[in-house]
Amino acid sequence: MRLPFFSKPKAVLRPARTTNASALAEIHAEGGFAGSWSQSEFESLLADRAVITDIASDSRKTDVLFGFVMSRMAADEAEILTIAVRRKNRGNRIGQRLMDAHIARLAASGVKTLYLEVEEDNHAALKLYEKTGFITAGLRKGYYRKPDGGVANALIMKLGLENL
Ligand SMILES: CC(C)(COP(=O)(O)OP(=O)(O)OC[C@H]1O[C@@H](n2cnc3c(N)ncnc32)[C@H](O)[C@@H]1OP(=O)(O)O)[C@@H](O)C(=O)NCCC(=O)NCCS
């Protein structure tokens, strides 16, 4: 028998609201990115009509966020600006569910091609993107500055949304 107290929290997915800005800044700060984005930067992004953001939260306590994904649309293209899941919630398919829901929403908004950039050593993110169907479309040498002062290459990846 599985005791409800010990069961893993279930994630529910929905579009973000401006009031989620501080939680998004917290989660982004855990993402290991070279520069983290402030609450006010997230407030501006969430208020931007071209920016689409989906969040995953605890089904029992929907103000507790597990992760989010954010894209900017331009005509029939979009670019993923960032995706992150709280460290303690990783490995539970939340990233995959966020990506699938986000892609469905972008496709319904008329997006035909989705792009992203990823550090070539980010194995977790690469696995998620490859499983989702992204293919490598280019390489930017020395694009990322690492916290230790080094540099890393960026892969540009793309996914066609028309025949999904
Ligand atoms: C990338 C990230 C969003 C993935 O979120 P997640 O919820 O842990 O991912 P999922 O559990 O949905 O896993 C999706 C797939 O990636 C794989 N994966 C997840 N973490 C992995 C890891 N550390 N190493 C290798 N593969 C990994 C999973 O095994 C799964 O594939 P599977 O179904 O074949 O097992 C999360 O690791 C994260 O927030 N990282 C920090 C921020 C970041 O790097 N964002 C991307 C910037 S481009």
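Trainee: Which element gives the most to the shell around the ligand?

Mentor: This is a predicted model, in which local features need pLDDT of at least 70, side-chain atom pairs count only at pLDDT 80 or more, and totals for chains, interfaces and linings use all residues. Residues are numbered from 1 along each chain as its sequence is written, and side-chain values use heavy atoms, with hydrogens and water left out. Elements are DSSP runs numbered from the N terminus, namely helices (H or I, at least four residues) and strands (E, at least two). Here α4 gives the most to the shell, with 6 residues, while β4 (77–85), α3 (94–108), β5 (113–119) and α4 (123–132) each supply at least two.

Trainee: Which residues come nearest to the ligand?

Mentor: A residue is near a molecule if one of its heavy atoms lies within 4 Å of it. There are 21 residues around the ligand, of which Val85, Gly91, Gly95, Asn122 and Lys131 come nearest.

Trainee: In which pocket does the ligand sit?

Mentor: Rolling a probe the size of a water molecule over the atoms shows where empty space is left. On a 1 Å grid over the protein atoms alone, a pocket is an open set of points where a 1.4 Å probe fits, with protein on both sides within 12 Å along at least five of seven lines, and lining residues have an atom within 4 Å of a point. The ligand sits in the largest pocket, a term requiring more than half of its atoms to lie within 2 Å of the pocket's grid points.

Trainee: How many residues line the largest pocket?

Mentor: The lining has 37 residues, with Phe33, Ile83, Asn122, Ala125 and Tyr129 nearest the centre of the pocket, and its largest share, 7 residues, comes from β4.
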